[in-house]
Amino acid sequence: MKSAYIFPIVGTVLFLFFNLYVYRSISARFAPYKGFATFRPALSLLCVALAILDAIFFVGFGLNGSFKNELLYKLCVFCMAASFSLFFICLAYDVLSAAAHVVKFSENRRKFLKTFIDITFVIMAFSYIFKGLYNALKIPKITEREIKIKNLARELSFVVISDVHLGEFLKKEFLQGVVAQINSLSFDALLIVGDMFDLRSDELGDILQPLEAIKKPIFFVTGNHEYYRGDASGLIAAMQKAGVRVLQNESVEFEGINLMGVHDLSGFRFGYMQPDLSAALAQADPDKPKILLSHQPKYVVDFVRDEVDLCICGHTHAGQIFPWTLLVLLSQKYLYGLYNDGLKQIYVSSGVGFWGPPIRVFADAEIALLKLRKA
């Protein structure tokens, strides 16, 4: 089976299961209440509609790489957000109810406890979805980290953003807000660590115009989403036209350090623009600190040992939607924040945007200010 078909099939089946579970869980939970029978057809219709629109998303994105109809795309991803959120809430409350059922209570106390759990279920379901939507669409917070680097000529500060995902949801106005936050900081350069786009280069228009307001150097490396529409070269050219220095398996001297960047791991999958750390290292000054930009932490885990002092990554969105966090952690090993594996330091940004469902739960977006200090 072609790999292009695996994503839509697995995604469709998984979310079909989610919606079936939601229907059965809610039905079982509220069936004892008087009047639920009149609500059941509406619940059935909701779950069927969610399953159909989830499937449309996976088929449309998996086979075509993008949606021609922006309204349909937005409707589908909102449904994905609802499906996943309701599934997790239902699962969590089913476990809670099962635990409560094991404990011995009087009949009156058991009825009160069930009613209390069911009421909080409704509150939590709405809170999970709408608070998650708010977190995804608001301007990211600023986080500051101090990182010790050996042989540093002078103290430096880098603003790091990743996973902007400019596209159907996040547009020029969102980037303007991010740039305004960035310009409120004191820094030496802006580092953009991949997944800037969910668009083709011929769809960009003036979406990158806000970057003109940044008067410091800007560096960029590709992420996996730059490859998905078969237009990575066009997107790189668009960034270069906007005055951004794109690091393509290379190293540049910047303020006494080697600032290095490699292409994304997706280059291996698509067969072009593959990451090559050795090419970047060949250009680096061995007597100066080495800072590597690599979109996916997995690349650092698999290909980088002690050749660099600090790796800066993105990709994970800090999990974006709890408990999806656990799967991301298994896939990438490093989820969010500053790590030290004994050979080098790794900083993973939580990103400023989102992909798929416009929702973030226990995974706030961020603009990171990394302050490099002498060790």
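View 1. At 39% relative accessibility, Glu255 counts as partly exposed (buried means under 20% relative accessible area, exposed over 50%, partly exposed in between, with a 1.4 Å probe and protein chains only). Where do Arg154 and Glu255 sit in the chain? Arg154 is in the loop between strand 1 and strand 2, and Glu255 is in the loop between strand 6 (250-254) and strand 7 (257-261), so the pair links parts 101 residues apart. Helices (H or I, at least four residues) and strands (E, at least two) are DSSP runs, numbered from the N terminus.

A quick note on what you're looking at: this is a predicted model, where local features need pLDDT of at least 70, side-chain atom pairs count only at pLDDT 80 or more, and totals for chains, interfaces and linings use all residues. Residues are numbered from 1 along each chain as its sequence is written, and side-chain values use heavy atoms, leaving out hydrogens and water.

**View 2. Asp94 and Arg29, a salt bridge between two helices.** Here the side chains of Asp94 and Arg29 meet, 3.2 Å from N to O. Asp94 belongs to helix 3 (residues 70-102) and Arg29 to helix 1 (residues 3-30), 65 residues apart. Is Arg29 buried or exposed? Arg29 counts as buried at 6% relative accessibility, while Asp94 is partly exposed at 22%.

View 3. Asp202 and Arg200 form a salt bridge whose closest N and O atoms are 3.7 Å apart. Asp202 is exposed, at 61%, and Arg200 is partly exposed, at 30%. Over in the network, salt bridges with shared partners join Arg29, Asp94, Lys114 and Asp118. The count comes to 16 salt bridges.

View 4. The strands run in the order 1-12-2-3-4-5, with mixed pairing (two strands pair if DSSP finds at least two bridges between them). At the edges, strand 1 (141-149) and strand 5 (245-246) each pair on one side only. Strand 1 and strand 12 (residues 366-374) pair in the parallel sense over nine bridges, and Arg145 stands opposite Leu370 in strand 12.

Key. A salt bridge is a side-chain nitrogen of Lys or Arg within 4 Å of a carboxyl oxygen of Asp or Glu.
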